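Reader: I would like to go through this structure one feature at a time. Please give the general idea before each case.

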Amino acid sequence: MVWSPRGRLVSLGGSGVLGSRPVIPLPLCAPWDAPPPLVPHGRHGTPVQLQARLRAELQGAQGPPGPGDVGRLPLLQATISETLRLRPPAPLALSPRTLSPSSLGGLPVAAGTVLIPNLLAAQQDPDIWQHPEVFLPERFLGPGAPSRSLLPFGCGARSCPGEGLARAELFVFLGLILREFRLEPGPEGLPGLRGSPGTVLRCPSFRLRMVPCQPPGLP
Ligand code: HEM
């Protein structure tokens, strides 16, 4: 029921209606339950090489990472940002409803319309992200990084109030793990990264081998 310049707006479920209200998923381009495969080879190389660089950054820092160390560990921060870009845990965010008639990208939007922001698609928009399907943490290291277009926590008045806590947890826990362990696939290998659709984009459970690496200064 809805058309967009780049095919990003389509109806949901054919009828374009959720309950008794019209629905516009925004910006729905790639089917959100079938994200494209990852190509994990940026300047930092394969996942193993990236882990080695992250470990070098972490072991070169003074002590274990804390929430205040974001500026001192840019590659770790960039790796988290790139992960949240390619696989946002909440790919469709919340669904606000318009209170009055409005317009969006030239399209009229009636009062009472439910808008569904497709964060997964927006974060892989080729107009904004170069090589959007490639896992490239370094895209966040340069001065021209389109960081304002990174929206895993939504944006605006109803954006996620837990963003600071979630980012701090990701930073500290991932940093502590990568500083002291090398992660290797378990005997069953790794699952695909397609994820299963739902409110939360979930990865199937899998096993990893954590090989201890000696942090500096420890006997
Ligand atoms: C990686 C972790 C997290 C991600 C990716 C995430 C993502 C999101 C997103 C996309 C929204 C919808 C924003 C929008 O529609 O514009 C949201 C809303 C919300 N999140 Fe999170 N979130 C995370 C962690 C947390 C944590 C740790 C808390 C609480 C401590 C939290 C509490 C909330 C609440 C209360 C809302 C609803 C806000 C509202 O309706 O105004 N989230 N989150």
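Author: Start with a single side chain: Arg209 has 42% relative accessibility and counts as partly exposed. Buried means under 20% relative accessible area, exposed over 50%, and partly exposed in between (1.4 Å probe, protein chains only). The model is predicted, with local features needing pLDDT of at least 70 and side-chain atom pairs counting only at pLDDT 80 or more, while totals for chains, interfaces and linings use all residues. Residues are numbered from 1 along each chain as its sequence is written, and side-chain values use heavy atoms, with hydrogens and water left out.

Reader: With which residue does Arg209 form a salt bridge?

Author: The term covers a side-chain nitrogen of Lys or Arg within 4 Å of a carboxyl oxygen of Asp or Glu. In this case the partner of Arg209 is Glu184, at 3.3 Å from N to O. Glu184 sits in strand β6 and Arg209 in strand β7 (residues 208-212), so this pair ties together parts that are 25 residues apart in sequence. Glu184, at 22% relative accessible area, is partly exposed.

Reader: How many salt bridges does the count come to?

Author: The count is 8. Among them, Glu163 pairs with Arg167, the closest N and O atoms being 3.0 Å apart. These two residues are 4 apart in helix α4, which separates them by about one helical turn. Glu163 is partly exposed at 28% relative accessibility. Another bridge joins the side chains of Glu180 and Arg179, 3.5 Å from N to O. Glu180 is partly exposed at 28%, whereas Arg179 is buried at 8%. Salt bridges can also form a network, as they do among Glu82, Arg85 and Arg139.

Reader: How many helices and strands does the chain have?

Author: Helices are DSSP runs of H or I with at least four residues and strands are runs of E with at least two, numbered from the N terminus. The chain has 4 helices and 7 strands. Their order from the N terminus is β-β-α-α-β-β-β-α-α-β-β.

Reader: How does one read the span of a helix such as α4?

Author: Compare the span with the expected one, which is 1.5 Å times one less than the number of residues. Helix α4 has 18 residues and reaches 26 Å from first to last C-alpha, close to the expected 26 Å. Helix α1 (residues 47-59) has 13 residues and reaches 18 Å, close to the expected 18 Å.

Reader: Which residues of α4 are buried?

Author: An α-helix has 3.6 residues a turn, so residues three or four places apart point the same way. In α4 the buried residues are Arg167, Phe171, Val172, Gly175, Leu178 and Arg179. Seen down the axis of α4, they fall within an arc of 150° and so line one face of the helix; the arc is taken over the directions from the helix axis to the C-beta atoms. Leu165 and Phe173, on the other side of α4, are exposed. The buried residues of α4 pack against α1, α2 and β6.

Reader: Which residues of α1 are buried?

Author: They are Leu50, Gln51, Leu54, Arg55, Glu57 and Leu58. Down the axis of α1 these buried residues stay within an arc of 160°, so they line one face of the helix. Val48 and Ala56 are exposed on the other side of α1. The cover over the buried residues of α1 includes α2 (74-86), α4 (163-180) and β6 (181-185).

Reader: Which residues make the nonpolar surface patch?

Author: A patch takes residues with over 30% relative accessible area and no salt bridge, joining like charges within 9 Å and nonpolar side chains (Val, Leu, Ile, Met, Phe, Trp, Tyr) within 5 Å. Phe173, Leu176, Ile177 and Met210 make a nonpolar patch of about 340 Å², an accessible area from the Shrake-Rupley method with a 1.4 Å probe, where for residues only the protein chains shown count as cover. Helix α4 supplies the largest share of this patch, 3 residues.

Reader: Where is Ala93, and where is His131?

Author: Both cases are read from the backbone. Ala93 has a positive phi of about 50° although it is not a glycine, and lies in the loop between α2 and β3 (102-104). His131, also not a glycine, has a positive phi of about 45° and lies in the loop between α3 (119-122) and α4. Ala93 is partly exposed at 32%, while His131 is exposed at 52%.

Methods. Contact = heavy atoms within 4.5 Å.
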